[in-house]
Amino acid sequence: MTTSTMASPARLNWIDALLTAFAPMIWGSTYIVTTQLLPPDRPFIAALIRVLPSGLLLLIYARRWPATRDWGRLLVLSALNIGAFQALLFVAAYRLPGGLAAVVGAIQPLLVMGLAWGVEHKRPLTPTVWAAVAGVVGMAILLLSPTTVFEPVGIVAALAGAASMATGTYLTRRWRIDMPVLALTGWQLALGGLMLAPLAVWVDAPLPALTLLQTAGYLYLSLAGALLAYALWFRGIARLAPVAVSSLGLLSPLTAVVLGWVLLGQAITGFAFVGLAMVFASILAVQWTASRGK
């Protein structure tokens with residue numbers, strides 16, 4: 001076997017990681033789109049519009065029904081990955097600054113490792129644990145300051161959303177439902193959207209007449225933030241270790257911070273750049289150790 005042949009699996013892992021990374025980067029833009037473009041105080045309507053139309057489009061395209069034995073698991077995954085996560089994500093997005101809302105989700109890699117340890121008794125690798133911890137610390141350095149406002153409902157929503165997504169990521173890989181990635185994505189988006197519909201109707205105020213920018217914001221959240229991002233995310237879950245996928249979630253708060261800096265003029269101090277470097281190093285370290293099984 002040649003050296004180039006032996007190296008190809010590692011190269012493929014990095015390609016898969018790069019493609020998967022686009023999903024949390026797109027999700028990181030949710031906060032600025034929500035606060036700058038969407039009508040105020042309608043988190044469940046935003047979540048519903050984001051996931052249900054894109055899910056129906058994928059179902060029409062894929063034309064694949066789940067096996068009877070998979071329906072129960074599919075409903076659980078739809079609730080965790082889509083229904084609960086999207087509802088909590090938008091509650092946090094409306095109540096917290098984008099970077100702070102996203103940074104709480106940085107605990108996802110640690111939660112996934114905790115699930116693997118607790119359920120499978122699979123002790124997490126020490127380098128991976130420390131790399132994940134470094135990512136959380138880096139995000140804290142990057143975002144937390146004496147002027148940071150901690151809105152309790154927003155913080156709880158962000159924490160619960162991180163736990164929901166971490167559990168969904170772990171179970172998606174563990175259960176391995178036998179469906180093409182686009183069909184699996186479509187069913188989860190559609191079922192999760194149906195779970196969100198009662199909240200959108202009964203809790204949120206009706207939508208006003210939408211402006212062109214508001215319509216564009218909803219279209220972006222649905223087509224890019226759901227259809228494209230979740231397709232890439234579930235593809236990554238099928239090909240990468242769960243902790244490697246979850247560590248890429250750190251790109252979501254990172255993207256939120258960079259967009260706030262570039263588009264809204266939110267300052268990044270000199271010390272915050274240390275946090276930025278720690279986050280990048282953490283992501284690379286987790287990918288490196290996970291791809292080699294060390």
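Start by selecting Phe 85, which counts as buried at 10% relative accessibility. Here buried means under 20% relative accessible area, exposed means over 50%, and partly exposed is in between (1.4 Å probe, protein chains only).

Before moving on, a word on what you are looking at. This is a predicted model, in which local features need pLDDT of at least 70 and side-chain atom pairs count only at pLDDT 80 or more, while totals for chains, interfaces and linings use all residues. Residues are numbered from 1 along each chain as its sequence is written, and side-chain values use heavy atoms, with hydrogens and water left out.

**Stop 1: the rings**

How many aromatic pairs does the structure hold? There are seven. Rings of Phe, Tyr and Trp (its six-membered ring) pair if their centres lie within 6.5 Å; planes under 30 degrees apart count as stacked, over 60 as edge-to-face and the rest as tilted. Helices (H or I, at least four residues) and strands (E, at least two) are DSSP runs, numbered from the N terminus.

Select Tyr 230, Trp 233 and Phe 234 as well: ring pairs link them with Trp 27 and Phe 85 into a cluster.

For another ring pair, pick Trp 65 and Trp 71. Their ring centres are 6.4 Å apart and the planes are at 55 degrees, so this pair is tilted. Is Trp 65 buried or exposed? Trp 65 counts as exposed at 64% relative accessibility, while Trp 71 counts as partly exposed at 26%.

**Stop 2: where two helices cross**

Show α4 together with helix α9 (residues 181-202). Their axes come within 8 Å and cross at roughly 65 degrees. The axes are lines fitted to C-alpha atoms, for helices over the stretch in contact, and angles run from 0 to 180 degrees between N-to-C directions. Which hand does the crossing of α4 and α9 have? The crossing is right-handed; a crossing is left-handed if the near helix is turned anticlockwise from the far one by less than a right angle, and right-handed if clockwise.

Residues on the α4 side include Trp 71, Leu 74, Leu 77 and Ile 82, and those on the α9 side include Leu 184, Trp 187, Leu 191 and Met 195. Contact means heavy atoms within 4.5 Å. The residues of this contact divide into 13 nonpolar, seven polar and no charged. In that count Ala, Val, Leu, Ile, Met, Phe, Trp, Tyr, Cys and Pro are nonpolar, Asp, Glu, Lys and Arg are charged, and the others, Gly among them, are polar.

**Stop 3: Ile 177**

Next, go to Ile 177, in the loop between α8 (152-175) and α9. Ile 177 is buried, with a relative accessible area of 10%. Leaving aside neighbours within four places in sequence, Ile 177 is in contact with Asp 70, Arg 73, Leu 74, Leu 77 and Leu 184. Select Pro 66 too: Ile 177 and Pro 66 are 111 residues apart in sequence, and 8.5 Å apart in space, C-alpha to C-alpha.

**Stop 4**

Ser 29 lies in the loop between α1 and α2 (30-37) and counts as buried at 7% relative accessibility. Not counting residues up to four places away in sequence, Ser 29 touches Tyr 220, Thr 255 and Leu 259.

Thr 34 is found in helix α2 and is buried, with a relative accessible area of 1%. Leaving aside neighbours within four places in sequence, Thr 34 is in contact with Phe 90, Ala 93 and Tyr 94.

**Stop 5: two loop residues**

Most residues other than glycine have a negative phi. Select Asp 41, in the loop between α2 and α3 (43-62): its phi is positive, about 60 degrees. Arg 63, in the loop between α3 and α4, also has a positive phi, near 50 degrees.

**Last view: the whole chain**

Zoom out. The chain has 13 helices and zero strands, and buried residues make up 51% of its 294 residues.
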